[in-house]
Amino acid sequence: MLLDIFLPELGENIAAGTVTKVLVKAGDALKKGQNILELETDKAVLEVPSQHNGVIKEILVKAGATVKVGQPVFRIQQDELLTSPVIPAKAGIQKDGPPIKTFGGDKIESQTPTAAPVATSAPQTPFYMPVRKDVHAAPSVRLFAREIGIDIAQVPGTGSGGRISTDDVKAYAKRIITGGAAGPTAQPSLPNFSKWGNVKREAMNNVRRKTAEHLSHAWQAIPHVTQFDKADITELEQLRKDLAGEGKKLSVTPFLVKVTAAALKRFPQFNASIDMAAHEIVYKDYCNIGVAVDTDRGLLVPVIKNADQKTVLQISDELTVLAERARARKTTIEEMQGGCFSISNLGGIGGTFFAPIVNWPEVAILGVSRGVMEQVYAEDQFVARLMLPLSLSYDHRVIDGADGARFIRFIAEALQNPGAI
């Protein structure tokens, strides 16, 4: 019998992706768990495995195509049904060809036509990536929100424990339409630029589009304040060179990660998120720090997990691997999730100070610019010191200005005393 393989759920709020590679060809014998597609989503490139054994009869997508969750991507010949549990799935009457049966969320085309259509139920597809645990909603509610373009993480839940219902999603969508909720701001029409010269249009890639959406949301949702400071890293620079050793690269960023982890322990309000629906502040006992990586597709922020439990050299090694994976389009969604705080280091490019946007749902971000030699007045004389510009943006709803100043001073003083790191 013929079996259509559908694109499974890829993760929370991921409705589609772009096919970057088709990893199999027609006639291949397919094994369950074998990767069949390489798919680029908003932030990561995923390899999608098959849920079934069989022989590929038809490939229904090609590189460059955008594929939605639940869309058929392959058709295989399968001799017998697998023993995995049957999940009710939506099926319909096929106008041309044999009727449809369902199996494991996929569609099976029978070789023997029958007269009656199969009963329908809510569509479900196998989950490839885990859903976020802090959003309480049934799969049908998540699907409904996704279909009408609502980020379910933004919907206040009125059920027990903040559980989100379909009515909650509808009410939130209505508030957006009527201006009662923080929805996307309508953009005025662009002028006709061609009146002044030649122009060309280029579609945003997935990373750029998602970055634009995410930063727009963060900017609208968070009242930002940015605090600036400088750290004397003259001694740190010597320590960095000593630790680097021959042939080994060691940047300032691992030191920043280590110091920031210590600062998050000292100032827990910076290791938090705000739940405005419940009017609660969520404090985190773990310490995961995202580090922005510049790639040819745009900005990615892989996360170093449990940074407070690692040495500077361990952080450096892990950061090197994560950055290489990001630039090679191998970053997984899991590597991008779970961040508590972000660091954006533009020192390798240049500039003096910038105001980074907080990476929602975090409440603060540290921006780092290029260190420069400056004349610093100390002990009744000017001395040359290597000074590192720091920029701390934070959510003023949960962090007061005085705490912002204390936090960035803590980081600056720790960098100035590298022996304590």
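Trainee: Which residues does S393 touch, not counting residues up to four places away in sequence?
Mentor: This is a predicted model, in which local features need pLDDT of at least 70, side-chain atom pairs count only at pLDDT 80 or more, and totals for chains, interfaces and linings use all residues. Residues are numbered from 1 along each chain as its sequence is written, and side-chain values use heavy atoms, with hydrogens and water left out. Taking contact as heavy atoms within 4.5 Å, the residues that S393 touches are H224, V225, T226, A355, P356, V358, V363, A364 and I365.

Trainee: Does S393 count as buried or exposed?
Mentor: Buried means under 20% relative accessible area and exposed over 50%, with partly exposed in between, using a 1.4 Å probe and protein chains only. Because its relative accessibility is 0%, S393 counts as buried.

Trainee: Which side chain does the side chain of S393 join in a polar contact of 2.7 Å?
Mentor: A polar contact is a pair of N or O atoms within 3.5 Å; within protein, one must be able to donate a hydrogen and the other to accept it, and residues adjacent in sequence count only if both atoms are side-chain atoms. A polar atom of the S393 side chain lies 2.6 Å from the backbone oxygen of P356. The side-chain partner at 2.7 Å is T226.
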